[in-house]
Structures are given as C-alpha cells and as structure tokens.
Amino acid sequence: MFNVLPDNLKEKIKKQYRLRRLVVVLIFVLFVQISFLIFLFPSWIMSEYKERDSLDQINFQNSSVISQNTDAVLQTINDTNTAIDVINTAFKYPKVVPLFDAVISAKSKSISLRQLTYSAEGTSTASLSLEGIAATRQDLVSFVENLQKSGSFANVVSPVSNLEKDRDIDFSVSLDSN
Amino acid sequence: MKKFNPLKQIIVLLSLLVVALCFVYYFCFVDIQNKNINASELQNKMEAAAKRDDYLMSVRQAVQNSNNDIEKVNDSILGKGDDADFIDLLENTARFDGLEISIDSLNIDDTFLNSADLTTLDVDATVDGGWSDMYVFLNQVESLPFVSRVEKFGLISSSDGTSAGKWSGILEVRVLEYK
C-alpha cells in the first residue's frame with residue numbers, strides 16, 4: 001500500500017514518522033528526568049535537614065556554659081603559670097641564713113667578725129664580704145681554709161695584705177656562693 | 001505566512017523542557033552536594049568542639065582541684081595597695097624579735113619583672129639590735145608568707161666586735177606584688 005504512494009508523499013509520511021519517533025524519545029527522556037528528580041527530592045530534603053541539624057548543634061555547643069567560661073579558665077591558668085614562673089625564676093636566690101651559718105661554722109673563737117654583707121647577684125649566686133679581726137695569722141688561714149672546705153662557697157678570696165701582721169689582724173674576705 | 005507543523009512545535013517544546021530539566025537536575029545535584037559537604041564540615045567542627053569541651057572540662061576540673069594551691073600562690077603575692085600591711089608585718093616582726101627598725105625607702109619597681117600584672121615592692125630598712133635577734137629576724141624575713149627576695153643584708157658590729165654586742169643591719173628586700 002505504502003509502495004503505491006507517490007514518492008513525495010512517501011517522503012512526507014517518513015518525515016512525519018521520524019518526527020513522531022523523536023517526540024516519543026523526548027517524552028521518554030523527559031519521563032526519565034522527572035523520575036530522577038522525584039528520586040532526588042528525598043536526598044535533597046535529607047541534606048537540607050542534615051545541614052540545619054548540624055548548624056543547630058554547633059550553635060548550641062557554642063552557647064554552652066563550658067565554651068563561654070573558656071576565657072576565664074584559661075586566664076586563671078595563664079595568671080597562675082606567670083606567677084609560678086616569676087616565683088621560680090626572678091625570685092629565686094641563694095638564701096642568706098645558710099651562707100651566714102657556713103661562715104659562723106667556719107669561724108673559731110679567735111676570729112671576731114665585725115661586718116658581714118650579703119648581696120644577691122642573680123638567681124643562683126650571691127656574694128658575701130666579711131670583715132673582722134683574727135687573733136693570729138694561723139687563725140685567719142684556718143678560717144679561710146674552713147670557708148673553702150665548707151662547700152657553700154665557690155670562691156673565697158683573702159687578700160695577701162691580710163697576712164701582713166701576725167697578731168690582731170684586721171682582715172677582709174670576699175666570698176661567692178655556689 | 002508559513003504555518004508551523006504542530007509536531008515540530010511539540011518537539012521544540014519537549015526539547016526545551018528536557019534542557020530545562022537538565023539544568024534543574026544539575027542545580028539540584030550541586031545543591032545536595034554542597035549541603036552534604038557543609039554538613040560534613042559542620043560535623044567535623046562539632047566533633048572538634050566536643051573534644052575541646054571535654055578537654056576544657058578536664059582542665060576546669062584540674063583547676064578546681066588545684067584551687068587551694070592556686071590560692072596559696074595568689075596569697076603569697078602582695079595584693080595591690082597592701083604595701084602598708086607588708087611594712088607593718090616587717091616592723092612587727094623586727095620589734096617582736098627585740099630589734100629597732102626604721103624603713104628608709106619604699107619603691108615600686110616595674111623594671112625588675114616584665115609582667116603586665118606583677119611588679120615588685122622594694123623595701124630598704126635599717127635594724128639595730130643583738131646578734132641572735134638579728135639572726136632570728138633574718139630567718140623570719142626569709143620565711144615571710146609573701147614571695148620575697150633578700151637583695152642585700154649587711155651587719156656591722158657597733159660595739160667591740162664580739163657576737164654579744166650590738167649590731168646594726170641594713171636590709172634590702174624585694175617583694176612580689178600585684179599591679
């Protein structure tokens with residue numbers, strides 16, 4: 001039947017078929033797209049609520065008492081650390097009493113002190129200067145040796161001029177603590 | 001005037017719809033992706049914040065447990081404006097030990113410490129009395145309830161040089177103080 005039609009009509013009918021086929025394909029594609037969109041919608045809703053939920057939780061967390069008190073806690077820790085650091089460094093010094101004790105322990109009855117001066121020079125060192133009268137030269141030498149042996153002083157300096165006299169010697173001794 | 005084929009019109013319309021839906025589909029997909037990425041980042045932040053909160057809780061607990069020690073540290077530092085109390089303490093200690101004391105100078109020294117909250121009070125004093133009293137006083141000065149540092153302590157015999165005689169002393173002490 002189709003073959004008996006004239007060529008131009010046959011061509012026209014074929015064109016119509018192609019167009020209709022294209023329409024069917026397009027409708028199918030449209031249907032697939034709409035199906036995809038319908039299936040995508042729950043995912044979109046889930047993502048939306050997941051995001052909102054996370055935002056709410058973050059806001060809640062940021063407004064919690066713990067987060068708000070952070071600065072105060074950190075300030076307390078910092079202040080205390082600063083104070084402890086200062087106490088342990090700047091205010092550390094060789095105590096005076098043990099050094100004076102060492103001097104007095106090294107002294108015999110024939111040594112008479114008339115001046116003791118302590119000066120802190122840092123966190124671990126201090127200097128002492130002593131002045132006094134020694135009964136004899138040997139007493140002074142013993143006194144200086146005792147100071148050196150005491151272990152409390154890194155440096156004991158007794159000028160040679162201390163030994164000029166042999167009795168009732170006015171002496172001065174400089175000491176550096178360990 | 002040329003009349004449009006209705007089928008062609010339908011094809012054009014359908015094509016436009018397909019293209020439009022492609023765009024809608026693309027934007028939906030990108031939006032979902034962005035929302036998921038955003039939610040994931042927020043979750044990570046939340047987990048980090050939760051860990052930080054746990055850490056802060058433990059730090060707070062530790063601070064509370066150490067409150068007594070922190071108070072001891074704070075109490076050992078002279079309060080702002082408590083200079084007079086410290087001078088009274090020093091004078092009373094000396095007098096209790098039987099010494100005569102006179103405060104020669106008081107000075108707030110901001111240069112000793114490089115701190116925004118802490119400074120030092122420098123006290124220079126002269127004391128007079130017996131050797132043993134001086135020794136007790138020195139012991140007590142080094143055991144004061146405030147953080148202090150004896151910068152200088154000098155003793156000069158004002159009698160014949162025996163320990164039993166009178167001694168004159170100079171004391172330079174530095175005390176930690178809040179600004």
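Visitor: To start from one spot, which residue in S4(A) stands opposite Ser127(A)?

Guide: The model is a predicted one, and the residue in S4(A) that stands opposite Ser127(A) is Asp176(A). On this sheet also packs H4(A), which touches S1, S2 and S4 of chain A as well as S3 of chain B. The direction of H4(A) makes about 155° with that of S1(A).

Back to the strands themselves. Ser127(A) and Asp176(A) face each other where S2(A) pairs with S4(A), residues 167-177 of chain A. These two strands run antiparallel and are joined by nine bridges. S2(A) also pairs with S1(A), again antiparallel and again through nine bridges. In that pairing, Leu128(A) in S2(A) is the residue opposite Tyr118(A). S1(A) and S2(A) make up a hairpin, with five residues lying between the two strands. Another helix of chain A lies across this part: H5(A), residues 137-149, is placed over S1, S2, S3 and S4 of chain A. H5(A) runs at about 155° to S2(A).

From S1(A) the pairing passes into the other chain. S1(A) pairs with S3(B), residues 148-157, in the antiparallel sense over five bridges. Ser119(A) stands opposite Lys152(B), and Gln115(A) has Ile156(B) as its bridge partner in S3(B).

Chain B then carries the pairing on. S3(B) and S4(B) are antiparallel partners over nine bridges, with Gly154(B) opposite Ile170(B) in S4(B). S4(B), residues 166-178, pairs in turn with S2(B), residues 118-130, in the antiparallel sense over 13 bridges. There, Thr120(B) has Leu176(B) in S4(B) as its bridge partner.

Put together, eight strands from the two chains form an open sheet with antiparallel pairing. The order across it is S3(A)-S4(A)-S2(A)-S1(A)-S3(B)-S4(B)-S2(B)-S1(B). At the edges are S3(A), residues 153-157, and S1(B), residues 100-109, each of which pairs on one side only. From one strand to the next, the twist averages 15°.

In total, 54 residues of chain A are in contact with 53 residues of chain B. On the chain A side, two or more residues each come from helices H1 (7-62), H2 (65-68), H3 (70-88) and H4 (96-106) and from strands S1 (111-120) and S2 (126-136). H1(A) gives the most to this side, with 24 residues. By class, the chain A side that touches chain B has 29 nonpolar, 18 polar and seven charged residues.

The axes of H1(A) and H1(B), residues 6-65 of chain B, come within 7 Å and cross at roughly 20°. An angle under 35 degrees counts as roughly parallel, and H1(A) and H1(B) are therefore roughly parallel to each other. H1(A) passes H1(B) in a left-handed crossing. The residues of this contact are 28 nonpolar, 11 polar and eight charged.

H3(A) meets H1(B) as well. Their axes come within 10 Å and cross at roughly 50°, so H3(A) and H1(B) are oblique to each other. This crossing, too, is left-handed. On the chain A side, Thr70(A), Val73(A), Thr76(A) and Ile77(A) in H3(A) take part, and they meet Leu56(B), Val59(B), Arg60(B) and Val63(B) in H1(B). The contact of H3(A) with H1(B) has five nonpolar, two polar and one charged residues.

Last, the confidence. Chain A has a mean pLDDT of 89, with 98% of its residues at 70 or more. Within chain A, the mean is highest in S2(A), at 94, and lowest in H2(A), at 68. Where pLDDT is low, the predicted coordinates should not be read in detail. Chain B also has a mean pLDDT of 89, and 94% of its residues reach 70 or more. For the model as a whole, the scores are ipTM 0.70 and pTM 0.69.

Note on methods. Residues numbered from 1 in each chain as written. Chains lettered and ligands numbered in written order. Predicted model: local features only at pLDDT ≥ 70, side-chain atom pairs only at ≥ 80, totals over all residues. Contact = placed C-beta atoms within 7 Å. Helix = DSSP H or I, 4+ residues; strand = E, 2+ residues; numbered from the N terminus. Nonpolar A, V, L, I, M, F, W, Y, C, P; charged D, E, K, R; others polar. Pairing = 2+ DSSP bridges. pLDDT = per-residue confidence, 0-100. Axes fitted to C-alpha atoms, helices over the stretch in contact; angles between N-to-C directions. Parallel < 35°, antiparallel > 145°, perpendicular 65-115°, else oblique. Left-handed = near helix turned anticlockwise from the far one by under 90°.
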